Amino acid sequence: MGNSFTRTFFEKTRLIARPAIAWLLVSFSNSALCQSSVDVDNWPQISAEARGQRVYFHAWGGDTALNAHLSWVAAETMSRFGIELIHVKLADTSSAVTRLIAEHDAGNTERGSADLIWLNGENFSALKRANLLFGPWAEAQPNFELVDADRFPEMRQDFGVRTDGYESPWTRSQLIFYYDSERLIEPPRTAQSLRTWLRENPGEFTYPRPPAFLGTTLLKQLLIELTAEATSADIETLFSNPPNESFDAVSAPLWAFLDEIHPYLLREARHFPQSGAQLRSALNDREISLAFAFSPNEVVSSISRGELAPSTRSYVFESGTLSNVSFVAIPNNAPSKQGAMAVANFLLSPEVQFKAATNAKLASEPVLSFENFTPDQQAVLLENARAPGAVSPTELARKIQEPHPSWTNELEREWLRRYGGGR
Amino acid sequence: MTWATRFLFLLLGAPLLVGSVLALAPAFAYYMPDGSFNDPLNHSSNHPAGLIPPAFFALVSTPGIATSAMTSLLAGLLTPALSLVSVFLFLAATQTGRASKLIAQLAAPVLAIPHAAAAFALALLLAPTGVASRLVATLAGWELPPDYLFINHPNSVALVLGLALKEAPFVLLVALAALPSTAAPRRVALARTLGYGPTTAWLLTVAPALYPLIRLPLFAVIVFASSTVDVALILGPSLPPTLSVRLVEWFVAPEIEQRQLASAAALLQLFISLSALGIWLLFERLIARAYATIAARGAPREASRVSRFEAVLTPVGNTLLPISLVLVLMGIAALCLASVGGQWRYPTILPTTWSLQHWSAALSSWQTPLFNAIAIALLSVTAAIVLSLVTLEAQARSRAGTASLSTFLYLPLLIPQVVFISGIAVFAERTRLPPSLLLVAVGHFFFVMPYVYLTLQSGYARLDSRWLLLAKTLGASRTVCFWRVRIPLMSTQLITAAMLGLTISLSLYLPTQILGAGRVPTITTEAIALVSSGSRGTIGTWALLQSALPTLCFMLALLLPRLIWSKRKGML
């Protein structure tokens, strides 16, 4: 309240009395003007203040099912909490980050364009380091305890970086491979067998061009698997820390592997798809016979959308696959922080989580621990896990944690250096 | 120069200058805000400190940057060349026959289709899983799609083709508009008395007179082709992508050093676009000289040689442009198929199941984007028309020269969009202008203004001033002359200018996205965001939705004058 009053006051007088404002700014710099008036521990007050706020949610807009789900969420937040939720559909999440940095550079500390952002670990790490995020707030949400973060530490880890309450989980993902069971009987289940299989079936596999998210994910998966084969060192410690000067040595087997398989990729690796979606349509058109996605229910939802054949099956590599949790964060210049928190809390409610998981076209993987759903909901979720194309829960239990985000940067940089310039 | 002209110079020039400077400035930064400097791409950085900003070192050491720049340069040169050759050959071969009128009518809707939609249409036709390949597969009995690379090939043939398909209709319409002032039939008749065949005669006598009149629009084509983002993303190479695509990738990257890299790349982009212009100017000279030599040699004596030359050029001219138009229209048909297709696996020619799910999904979320798109287009076009009329009227009253202004108006089209729009966004941010529909409309204004002004200018030039004189002798004031004589007589040009402006505004992506901060969704921004869905049906639906409004505008531009003047003769 005080904050918004000072803000209006500030803006109104700005034109008339600039020098006076400069003085005001100096003398009040440590008081209300620059301090956040949001008390995250007082949830009733937050809910009250959130009413009537307009929340701009910056999230990737390339999935019609997700867009439809978010517009349902927006209708609900409006009728239940009086919050106007606006989904800003981004072609690329990093553009929201760019904007945030630009606003910060221009001294915009209270009128940011985003209230809630769906971040990935790489961007989260960059923004948290630059002190551009509001928090900690996430663990103060009433619904946060439903994720059971003590039992599932990944709910507090974004790409190996501790979230420290600056991010709230809302969906989870895992790398899965999929194939058309009418064309391929026994798909490769390790990196090594992928190489052998490719040699016998040239042109039947490819991956999105890093830094496209899914392409980089495959690089990390292969790197961890190849490293685990080559050394007996502690893999978890190695990858949970930033890469050091041993990066060249550690990553050497990966580049040797890629050099070997590239001639056998689709289009002989002279062109890579831009996204997982293009990979999916390549599989559907039988250009390739093995593809992968970073969403455990990709195949189920794609079959229901008619984008994959009903004979498509998915699986996880023998030694497990990369998995992570998707988080939302609030920029520290967000004008509607209370509204953003209320929305994040709503996204964590069993009702929304269940709805997102059982929406056939979306089939999002819930972040709540299973027993926090009602028995009826649990029954439906179990039934869905047996749908054709779904990955079994036992397979999904084979998870590999995301390496530290610096690995992502290094891998992308090195990939671009080696292959990005063409031949 | 009248006050109105000066005002217009300032109005257009200041944001251009400020925008460009702000966009390019970070390239010269030496240190990151936290005081440290780390070279993003060069691990063993041993560059001489102080002389050249590090961003440029980073840029130069980026793998494949030379290839990227070269691709952009080549696209910038080959696209206008291909468009110009096909249009000139077509005009030469058909002269003023019925065919040229028919093709011009076909070209107008193609012009209205946004670049991205046309690029998708082409990809949908020619990709290994595209319609063309499916046709062959059905005839030849293929089960699996062939593994060839055409779309996205490093040689950029598909990129140039895709751009030329869209630019040739533009060049054609510009050329057709300028053609009457060249007295083409008389030139051709004269050349034919010297023994030339009709096609050769047109190329030798009309082309040199027509070319200077369409030069500036061609320059705009050069700059656009060398800096396009959306078409290059869809059809261009990916290893490495064109310079413009990499520039945008760097611009949206979260790391601050990448933004400095983006600024350095923007400077390189400016250099590449200007180089393309420079090389084009050089070729202009060379070709002019060659023309002079050929023309001076006279018509060949033996009739057989005349006919052989003619026999090659005439059919090529007759077919090249029509084929390209047919290709686009076939692509649009493929988009239509995709938008109502359910399962459509290779190698079936038609979808195996039909579904309206893509349309119902699109139509459930189209109101706001549609409203925004129309509001922005109307605002920017109204502003452009009012300002153009004020300037033109002031010029007409003072009889001041206008040549420098029309050249100047091309500036927003000659500076790559990515360069100055990002600068304007920074400027808006610094002056604390919140991203809004109005700000987007202001951004659109810069791109709409040149076309509106130039269309209206030709209307002013064409209007017989004796009408106004007559009105004045009857006691009409200047104001009355303007409202009761000039405006009604120019209504055809006004409608054309408005519709052209609306079409351009409706298809702008980058200014909308960057200035609106994603908060002002339009049909175009929604379409491009959904491109990443990769679903053929979704892309087809949105590409069609995106094309629908501009096409409607074009049809109105053709129809409205006919309705207005249905009871008058000789007004069209």
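Predicted model: local features only at pLDDT ≥ 70, side-chain atom pairs only at ≥ 80, totals over all residues.
**View 1. The overall fold of chain A.** Chain A contains 17 helices and eleven strands, and its C-alpha atoms fill a box of roughly 75 × 50 × 40 Å when taken along the principal axes. Because a compact globule with 423 residues would have a radius of gyration near 22 Å, the 23 Å of chain A agrees with that expectation. Of the 423 residues of chain A, 57% count as buried, while the chain exposes about 17,200 Å², of which carbon and sulfur atoms supply 54%. Among the contacts in chain A that link residues at least 6 apart in sequence, 81% join residues at least 24 apart.

**View 2. A nonpolar surface patch on chain B.** Leu17(B), Val18(B), Val21(B) and Phe427(B) together make a nonpolar surface patch of about 360 Å². Helix α1 of chain B, which spans residues 3–24, contributes the largest share of this patch, namely three residues, and Val21(B) is one of the residues that lie in this helix.

**View 3. Cysteines of chain B.** A search of the whole structure finds zero disulfides over all chains. Cys336(B) is accordingly in no disulfide, and the nearest cysteine sulfur, which belongs to Cys553(B), is 19 Å away. Cys336(B) counts as partly exposed because its relative accessibility is 35%, which falls between the limits of 20% and 50%. Cys481(B), by contrast, counts as buried because its relative accessibility is 3%, a value under the 20% limit.

Definitions and conventions:
Residues numbered from 1 in each chain as written. Chains lettered and ligands numbered in written order. Heavy atoms only, no water. Patch = residues over 30% accessible without salt bridge, like charges linked within 9 Å, V, L, I, M, F, W, Y side chains within 5 Å. Areas by Shrake-Rupley, 256 points an atom, 1.4 Å probe, with all protein chains shown as cover. Salt bridge = Lys/Arg side-chain N within 4 Å of Asp/Glu carboxyl O. Helix = DSSP H or I, 4+ residues; strand = E, 2+ residues; numbered from the N terminus. Disulfide = S-S within 2.5 Å. Buried < 20%, exposed > 50% of the residue type's maximum accessible area, 1.4 Å probe, protein only. Rg over C-alpha atoms; globule rule 2.2 N^0.38 Å. Contact = heavy atoms within 4.5 Å.
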